[in-house]
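Below are some questions and answers on a single chain. Please look over the sequence and the structure before reading on.

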Amino acid sequence: MACVLETPLRMSILSEVTASSRHYVDRLFDPDPQKVLQGVIDMKNAVIGNNKQKANLIVLGAVPRLLYLLQQENSSTELKTECAVVLGSLAMGTENNVKSLLDCHIIPVLLQGLLSPDLKFIEACLRCLRTIFTSPVTPEELLYSDATVIPHLMALLSRSRYTQEYICQIFSHCCKLRHWHSCGFKSSPQPLLCANGPDHQTVLFNHGAVQNIAHLLTSASYKVRMQALKCFAVLAFENPQISMTLVNVLVDGELLPQIFVKMLQRDKPIEMQLTSAKCLTYMCRAGAIRTDDICIVLKTLPCLARMCSKERLLEERVDGAETLAYLIETDIELQRIASITDHLIAMLADYFKYPSSVSAITDIKRLDHDLKHAHELRQAAFKLYAALGANDEDIRKKIIETENMMDRIVNGLSESSIKVRLAAVRCLHSLSRSVQQLRTSFQDHAVWKPLMKVLQNAPDEILVVASSTLCNLLLEFSPSKEPILESGAIELLCSLTQSDNLALRVNGVWALMNMAFQAEQKIKADILRGLSTEQLFQLLSDSDVNVLMKTLGLLRNLLSTRPHIDQIISTHGKQIMQAVTLILEGEHNVEVKEQTLCILANIADGTTAKEFIMTNDDILQKIKYYMSHSNAKLQLAAMFCVSNLIWNEEEGSQDRQDKLRDIGIVDILHKLSQSSDLNLCEKAKTALQQYLA
């Protein structure tokens with residue numbers, strides 16, 4: 001019987017709610033202004049903390065009417081203010097609520113409301129704007145579409161503590177940071193601003209943000225101080241100009257860095273400590289504060305390490321670890337100090353033990369919250385481990401010896417969360433710089449298997465770091481090199497060299513270069529077949545010098561050991577000589593031309609391959625030209641070519657010597673034998689002895 005009554009009962013309740021909501025909207029159209037005002041006030045009370053009521057009112061068309069009333073000249077200031085308050089309350093609901101408000105073009109209306117002389121109305125509009133702009137669905141560009149908005153907001157900062165709090169909060173969210181992603185750490189992939197972040201920083205800076213916000217750090221209101229602090233964090237991030245300015249700003253006779261240091265002391269609220277540490281971290285990374293400054297070594301770093309302890313809330317532990325990772329990422333001394341601070345390496349192991357038991361959590365909301373933070377904790381721990389182990393072998397050893405560390409990294413490579421996967425790959429990349437670990441832990445855990453799986457199908461941001469890691473696993477001394485080759489790596493790497501993503505092209509060629517080092521002829525042939533002559537020359541004409549250098553390195557490794565040199569030149573000699581000519585004639589730096597001459601020297605070491613040089617007068621003239629070059633490195637590289645061509649013990653050496661004598665090479669050798677450069681002098685004398693033998 002109860003089952004029969006259930007549906008009508010639900011429908012009855014729903015219709016009552018809808019009727020109630022309709023009643024609120026209908027009252028907005030009453031001809032009596034006082035009844036309209038009372039209707040808006042009643043609506044305000046009805047929607048507080050009631051997301052269902054908020055959604056009903058939006059569906060029933062309350063928003064356009066509220067915006068209409070807010071804009072009417074004959075509406076009282078009290079009515080306009082109450083309308084702004086209700087709109088702000090609606091915005092505090094779901095993201096869909098905010099989208100609906102944006103669809104009704106609420107932002108231009110609220111910005112127009114800021115021109116009112118009435119402070120209460122201005123504060124209500126700012127409060128609503130704050131709520132909308134802090135939503136992830138709101139494009140921050142909407143704040144910058146009208147050039148008059150930012151200067152007007154700066155002018156409103158002095159009106160009240162509420163205008164200060166809300167405007168600072170709007171600024172910090174409309175110049176916001178994103179989590180570390182595709183280009184990630186600088187040494188691998190780094191936190192970046194949103195697409196137009198630097199432009200936003202510049203706009204705010206040029207309109208006097210630093211001067212207008214600095215004095216708010218001494219406000220009597222904690223909320224104002226915090227929002228001002230958050231503003232400085234986003235302004236300083238990755239911005240040397242603003243960071244350099246902040247270092248010299250005085251507030252009540254104190255420099256800003258000194259104020260930040262006071263704010264990260266233990267007796268201050270944790271939120272303030274963390275945000276102050278971020279300000280100092282970002283200023284340090286932007287080059288405005290030295291990494292060995294006391295405020296970094298003795299204040300900022302220990303504060304962030306404290307945030308990683310068990311006593312802190314989950315959000316604080318995540319924030320602390322990620323900020324500390326960013327602080328130490330590029331400085332080996334800070335990495336060493338952090339590694340021995342508060343047992344940090346062992347402390348981070350606890351990040352992987354949360355939640356301790358999913359089955360024990362019965363509340364679905366609590367479960368979602370805990371799982372979300374479990375992902376964030378693992379991501380933060382991997383990032384910090386990656387930063388700690390970036391340069392120091394002893395630190396890497398400590399990290400790997402942490403309980404179940406390699407298993408955790410391997411598991412992290414297959415996590416559902418892309419951010420955790422990326423952080424795990426970064427950690428693996430950092431640890432893969434250790435020769436010892438490549439030979440032991442990486443081999444014991446067959447790390448190459450999950451890594452190759454990651455490389456099969458992943459977004460570019462993960463591919464970049466994973467392919468960097470693969471480069472290390474393909475080094476000659478790595479036991480993983482052979483099984484990686486057998487798993488089809490050549491085809492994968494050749495495909496990376498065709499990517500539009502520069503970092504992937506570099507890594508693809510780099511890994512192939514490592515693979516070709518002292519490789520068997522079959523592997524070299526497979527690489528050339530996989531690349532194709534056309535792709536090889538595409539890489540040799542790449543506009544990026546890193547791609548070009550790695551491609552030349554690949555060629556140099558392919559053209560090593562005589563049988564391999566002769567075999568490759570017999571099939572690709574014409575094209576390789578053409579590429580060498582173009583590079584030696586082109587506008588390239590010394591390193592590129594030196595590498596190219598070294599390739600020629602390798603070809604000259606072949607048995608039959610050297611004839612490709614001897615029958616190419618253009619190449620011979622270029623060797624002669626570089627022997628007399630002003631750069632000693634290029635002279636020496638050209639000398640290696642000559643030495644390999646004239647070596648007495650090889651068949652046909654007399655004919656080659658005669659030809660080189662005829663074009664003036666011997667005269668240059670005599671000059672170089674008198675050189676003040678000992679290397680050139682000795683090399684020239686050795687070459688001349690070949691003529692005398």
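Q: Which domains does the domain assignment of the chain give?
A: This is a predicted model, in which local features need pLDDT of at least 70, side-chain atom pairs count only at pLDDT 80 or more, and totals for chains, interfaces and linings use all residues. Residues are numbered from 1 along each chain as its sequence is written, and side-chain values use heavy atoms, with hydrogens and water left out. The bounds come from an automatic or database domain assignment. That assignment gives domain 1 (8–138) and domain 2 (580–692).

Q: What distance separates the centres of domain 1 and domain 2?
A: The centres are taken over C-alpha atoms. They lie apart by 82 Å.

Q: Why are α31 and α33 described as roughly parallel?
A: Helices are DSSP runs (H or I, at least four residues), numbered from the N terminus. Axes are lines fitted to C-alpha atoms over the stretch in contact, with angles from 0 to 180 degrees between N-to-C directions. The axes of α31 (residues 502–516) and α33 (residues 545–558) come within 8 Å and cross at roughly 15 degrees. Angles under 35 degrees count as roughly parallel, and α31 and α33 are therefore roughly parallel to each other.

Q: Which residue forms a salt bridge with K397?
A: A salt bridge is a side-chain nitrogen of Lys or Arg within 4 Å of a carboxyl oxygen of Asp or Glu. The closest N and O atoms of this pair are 2.5 Å apart. Both residues lie in helix α22 (residues 393–401), 4 residues apart, about one turn of the helix. The partner of K397 is E401.

Methods. Helix = DSSP H or I, 4+ residues; strand = E, 2+ residues; numbered from the N terminus. Parallel < 35°, antiparallel > 145°, perpendicular 65-115°, else oblique.
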